[in-house]
Amino acid sequence: MNHDSAPRLTGYSLILSILAAFLIGLFLWSINKGFDLTDEGFYLMGYTYPEEYSSSFTNFHLLINKLLDPAHTSIIGYRLASLFTTVVSGLLLAGGLWVWIKEKYQATPLPFWLLAALFISGNFLQYSIFPRTIFYNNINAFCMAFFASSILVYSAYPSANGFKRRHFYLFVGAFFIGLDLFVKGSSSVGALVTGGLALVLCVGLSNIREWYKPVGIVGLGYFTGLLLFFTAVQSFGVWRTNFVHETQLLLQTSYNGGLLVRYLKDAYPLLRTLIYPFSVFILASFFLTRAYLRQKLRLATSLQIGIIVLGGVFLGFEALRTGLYKNTHLNYNRSAVWFLALLFSVVAMFAAAYLEQPYRKLKWRKIVVVFWLLLMPFVGAVGTYNNLFINFMLEINYWLAVLCILYVSMPNVAALPLVRIVIFLVPIFIVTQQYTYGMLLAPYVQAANMLQQSEPVTFGKTHTPAELLVDPKTAHYMEELRTTLKKSGFEPGMPIVAVYDLPGLVYALDGISPGNPWMFGQLDLRNCDALNKTRLDLTSAFVLVNEKPGAELVTCMRSHGMLFPEGYTEVRRLLSPYNPNQYSWRNYQDTLIVYAPKKMLTAH
């Protein structure tokens, strides 16, 4: 293989670096703007009051609190922590893949900074889908990237004569995937099993003396991660009791419909869009590559440009027709099809290149690594109750890594500028477009876009205050609620039962949601469990209602001393500015009613 292609990728490295810098800059510009009353508030409540939410299926909030609470971290700090994991996990994966390619191809066909910019940019795709505060998917992606990088580095060397510190690096990677068990258990176990198997196959399945050492190191690192959690965060006995309880609760509520059936349903719109219009480009990739390699296709430059423009216009028309240009929540979850189509197109190119040179044997160890990387986005997503094909985009970097490996594996095709554009530029242009649209124009469940966030509001007054800019309607809404609660005798740190789906509003009002940060609509079994777990005195709890409470929840409230509704007085009724958001989620929750306990009004 001719590896003189590396210097000619300087321009691509520069373009990707500029785009990565743009994405980081946009994040920093928006870091003090906007606030989501659902997911972001849910995470912040968990970090602020970990003792109230010590019983949970995932313990990411306990880890984050342990790590960042000593620094008195505010909302801004949690968002910066999210940016840190985004950049560092991209650098880790870039380093691992760069070492692996350098060793396996005995050259440096890809500049490190090209890979770094590629993977840093790929990680920003998450912010077109979810809020910016660090949360379990951020942490899970970081742990998986560390582990994947350590597997790539270890498997790059045929013997211990290479990288001397590879054993330690493998241990650290396994340590983080061990901690990940308490963040997203399904991904942690999936990464451990698939990564360990890939490691064994790469080292040599028949040579036990060679692979027992790395497998032992992985096991030791994983166990060390577990041990640290049980000694520094939560005891094994408490964790086990909570885990069993929360698992039974999940099976009774969120997962009782069957995840596999749900995932298959989620796949339908992607398959439909993949068949049309993208199958046209996948088939064209194969046949045009084969014709080119057989020297039957030598088009004039002007004709090549014309074909590219025509293809771009066609894709642009289809993107407008189907709404693909919107972020995934607003285009019927079809954003993932862009990356599926790119992957299949490049695989088609590789297949055509290989068929023209069948005498070149495929290295099975390389196939193992490629197949493992193909699985990793699903390893990171499996277990989610969300659309599987939304969550796997959080780990899209592993597919970008596969594109890079295919690129260096077909030098007879890689010389074409169009191939480089497809592999290095097109996916990042898609990421940039999705991120910009999601961040600026359709921020996650916000009352207005980011350009309209202009009014200062202080959040976290009782712990670590931070001033955020929100839109004028939201600022007025927050001020009215705070004034109403204060006049009714509410004091910071008192319990607030928000029914339903308003954890961020409880946080913004300096209250505590009892037992669970989120009182979920249509899940009163879980909400009653939260009231049973709380350590708070609920006899003085305030109630916020934007949807009529279910009979089961009302019974639970009464059993805990909340004589709702006769023991409460309606003190305010407000229209919610969050109701008309672009997502149209829970648009029936348009009016918020504030109830105060009568005894608080009498005392006040």
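Q: Is the crossing in which H13 passes H16 left-handed or right-handed?
A: In this predicted model, H13 passes H16 in a left-handed crossing. The term applies because the near helix is turned anticlockwise from the far one by less than a right angle.

Q: What makes H13 roughly parallel to H16?
A: Helix H13 (residues 336-356) and helix H16 (residues 397-409) pack at an angle of about 20°, and their axes are 10 Å apart. H13 is therefore roughly parallel to H16, because angles under 35 degrees count as roughly parallel.

Q: Which residues of H13 and H16 meet?
A: From H13 come Phe339, Leu340, Leu342, Leu343, Val346, Val347 and Phe350, and they meet Trp399, Val402, Leu403, Leu406 and Ser409 of H16. By class, the residues of this contact of H13 with H16 are 11 nonpolar, 1 polar and no charged.

Q: How do you know that cysteine 528 and cysteine 556 are joined by a disulfide?
A: The distance from S to S is 2.1 Å for cysteine 528 and cysteine 556. A disulfide requires the two sulfur atoms to be within 2.5 Å, so the pair qualifies. A search of the whole structure finds 1 disulfide.

Q: Why is the disulfide of cysteine 528 and cysteine 556 called right-handed?
A: The torsion about its S-S bond is about 100°, so the disulfide is right-handed.

Q: What makes this a link between distant parts of the chain?
A: Cysteine 528 lies in helix H21 (residues 524-533) and cysteine 556 in helix H22 (residues 551-559), and the two are 28 residues apart. Cysteine 528 and cysteine 556 are both buried.

Q: How do you know that H21 and H22 are roughly parallel to each other?
A: The axes of H21 and H22 come within 9 Å and cross at roughly 10°. The limit is an angle under 35 degrees, and H21 and H22 are therefore roughly parallel to each other.

Q: Which residues make the contact of H21 and H22?
A: H21 contributes Asp524, Leu525, Asn527, Cys528 and Leu531, while H22 contributes Glu552, Leu553, Cys556 and Met557. This contact of H21 with H22 has 6 nonpolar, 1 polar and 2 charged residues.

Q: What makes cysteine 404 count as buried?
A: Its relative accessibility is 0%, so cysteine 404 counts as buried, since buried means under 20%. Cysteine 202 is likewise buried, with a relative accessible area of 10%.

Q: Why does histidine 72 count as exposed?
A: Histidine 72 has 59% relative accessibility and so counts as exposed, because exposed means over 50%. Histidine 72 stands in the loop between helix H3 (60-68) and helix H4 (75-104). Its phi is near 55°, a positive value in a residue other than glycine.

Q: What makes tyrosine 332 count as exposed?
A: At 63% relative accessibility, tyrosine 332 counts as exposed, because the value is to be over 50%. Tyrosine 332 is placed in the loop between helix H12 (301-322) and H13. Although it is not a glycine, tyrosine 332 has a positive phi of about 60°.

Q: Where is the peptide bond from valine 499 to tyrosine 500 cis or trans, as judged from omega?
A: Omega is near 5° for the peptide bond from valine 499 to tyrosine 500, and this bond is cis. Tyrosine 500 is located in the loop between strand S3 (496-499) and helix H20 (503-508).

Q: What is the omega of the cis peptide bond from phenylalanine 564 to proline 565?
A: Omega is near 10° for this cis bond from phenylalanine 564 to proline 565. Proline 565 is found in the loop between H22 and strand S5 (568-575), and the place of phenylalanine 564 is in the loop between H22 and S5.

Q: Why is phenylalanine 564 called buried?
A: Phenylalanine 564 has a relative accessible area of 6% and is therefore buried, because the cut-off is under 20%. Leaving aside its neighbours within four places in sequence, phenylalanine 564 is in contact with Val543, Val545, Pro549, Val554, Met557, Arg558 and Tyr595.

Notes. Residues are numbered from 1 along each chain as its sequence is written. This is a predicted model: local features need pLDDT of at least 70, side-chain atom pairs count only at pLDDT 80 or more; totals for chains, interfaces and linings use all residues. Side-chain values use heavy atoms; hydrogens and water are left out. Helices (H or I, at least four residues) and strands (E, at least two) are DSSP runs, numbered from the N terminus. Buried means under 20% relative accessible area, exposed over 50%, partly exposed in between (1.4 Å probe, protein chains only). Axes are lines fitted to C-alpha atoms, for helices over the stretch in contact, and angles run from 0 to 180 degrees between N-to-C directions. Angles under 35 degrees count as roughly parallel, over 145 as roughly antiparallel, 65 to 115 as roughly perpendicular and the rest as oblique. Contact means heavy atoms within 4.5 Å. Ala, Val, Leu, Ile, Met, Phe, Trp, Tyr, Cys and Pro count as nonpolar, Asp, Glu, Lys and Arg as charged, and the others, Gly among them, as polar.
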